[in-house]
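Dear colleague,

Here is the structure I said I would pass on. My notes on it follow below.

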Amino acid sequence: MNRKKGQKIDGWVVLDKPVGLGSTQAVGRVRRLFGAQKAGHGGTLDPLASGVLPIALGEATKTVPFVMDGRKEYHFTVRFGEARSTEDAEGEVTATSAVRPSGEAIHAVLGRFRGEIEQRPPAYSALKVDGRRAYDLARGGEAVELAPRKVRIDRLELLARPDVDHADFVVACGKGTYIRALGRDLALALGTVGHLSALRRTAAGPFRETAAISLSKLEALGHIPPLLGALAPVATALDDIPALALTDAQAARLRLGQPVSLTRDAPPSGALVRAEAGSRLVALVRSDGASLQPVRVFNL
């Protein structure tokens, strides 16, 4: 099949991003493989991180915010005794400590980092300061001090101690949590310094590493028909949103951006609902108690 530039390809690719590749580069390579018109991703992964990078193609880009807002899970390793400028292994050493915490000491501080906590984002982050990316300022030698902000950590556990210098953890967290900052703060709470020596995302919203495919496997597929088998449906990102079956006539109104009146079984006012006709996703709609107002219409 001839892959023309800008094909209409709709769905999610659950990429197992390798270490050393930036998220934007990964999106570009997947988009070129499929020849898709549009592409985006469901949450940045640092080049030194691996794991689940959900990549949206075509109409799936309209559902990206729901993945961005979803819970993320990571496995990460803290290297004690060295603070680094980037708070991962890429940066320069900025401080050292001879203190190495015991397993008991680590378990004792983990509770401080569960629930809603305040976290100061890393200087090397994509957040903007006066219109400029913080990492650009930091790389230019400017001092960057970002204000703390609230994040949510649902789970944080010590998994293993490979040696006295390292500790492996698992974390499940909400939107906007920086795992590099978590590693930094864990070390400080233990009376030492540290940085992330390894980071792997194992889940992003509904997408998990068990369903992820490597870039090399995608490239080996090589042609559109086999590649389409690697696509998850657009609606996968909306699994947590209740579905409502509509008639073809109602679906046609929504596709035109028009509201649909419901005589019975209307969702409660304010509810966000996934409108479907047959097995086809039609729109995301908001109920006012008597009708459905289109919020996002899909061309599927």
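How many bridges join S15 to S17, and do the two strands run parallel or antiparallel? The model is a predicted one. In it, S15 and S17 run parallel and are joined by three bridges. One of the residue pairs is alanine 243 with arginine 274, its bridge partner in S17.

The sheet

S15 and S17 belong to an open sheet of five strands with mixed pairing, in the order S15-S17-S18-S19-S16. Strand S15 (243-245) and strand S16 (260-261) are the edge strands; each has a single partner strand, so one side of each has no neighbour in the sheet.

S17 and S18 are antiparallel and joined by six bridges. Arginine 274 faces leucine 284 of S18. The hairpin of S17 and S18 has two residues between the strands, and in it glycine 278 has a positive phi near 65°. S17 is mostly covered, with five of its six residues buried.

Helix H8 on the sheet

Helix H8 (residues 248-255) packs on this sheet and touches S16, strand S17 (272-277), strand S18 (280-287) and S19. The direction of H8 makes about 70° with that of S18. Which residues of H8 are buried? They are Gln250, Ala251 and Leu254. These three lie on the same side of H8, because the arc they cover around the axis is only 100°. The buried residues of H8 pack against S16, S17, S18 and S19, while the exposed residues Asp248 and Ala249 are on the face turned away from the buried side. Just after H8, glycine 257 has a positive phi of about 80°.

The nonpolar cores

The largest nonpolar core has 46 residues, and Phe34, Phe76, Leu156, Phe169 and Leu218 touch the most other members. Helix H1 (residues 23-34) supplies the largest share of this core, five residues. Another core lies apart from it, with 18 residues, including Trp12, Ala204, Val234 and Leu284.

Leucine 218, leaving aside neighbours within four places in sequence, is in contact with Val13, Leu15, Val30, Leu33, Phe34, Ile213, Leu227 and Ala230. Leucine 215 is in helix H6 (residues 215-221) and is buried, at a relative accessible area of 5%. Not counting residues up to four places away in sequence, leucine 215 touches Leu15, Asp16, Leu21, Arg29, Val30 and Leu33. Arginine 29 is 186 residues from leucine 215 along the chain, yet their C-alpha atoms are separated by 8.5 Å.

Glutamate 82

Is glutamate 82 buried or exposed? Its relative accessibility is 18%, and because the cut-off for buried is under 20%, glutamate 82 counts as buried. Glutamate 82 is in strand S5 (residues 82-84), and its side chain makes a polar contact of 3.0 Å with the side chain of arginine 84. With residues up to four places away in sequence not counted, glutamate 82 touches Val93, Ala95, Thr96, Val193, Gly194 and His195.

Regards

Notes: Residues numbered from 1 in each chain as written. Heavy atoms only, no water. Helix = DSSP H or I, 4+ residues; strand = E, 2+ residues; numbered from the N terminus. Buried < 20%, exposed > 50% of the residue type's maximum accessible area, 1.4 Å probe, protein only. Polar contact = N/O pair within 3.5 Å; in protein donor to acceptor, adjacent residues only side chain to side chain. Contact = heavy atoms within 4.5 Å. Core = buried A, V, L, I, M, F, W, Y, C linked by side-chain atoms within 4.5 Å. Pairing = 2+ DSSP bridges. Axes fitted to C-alpha atoms, helices over the stretch in contact; angles between N-to-C directions. Arc of directions from axis to C-beta.
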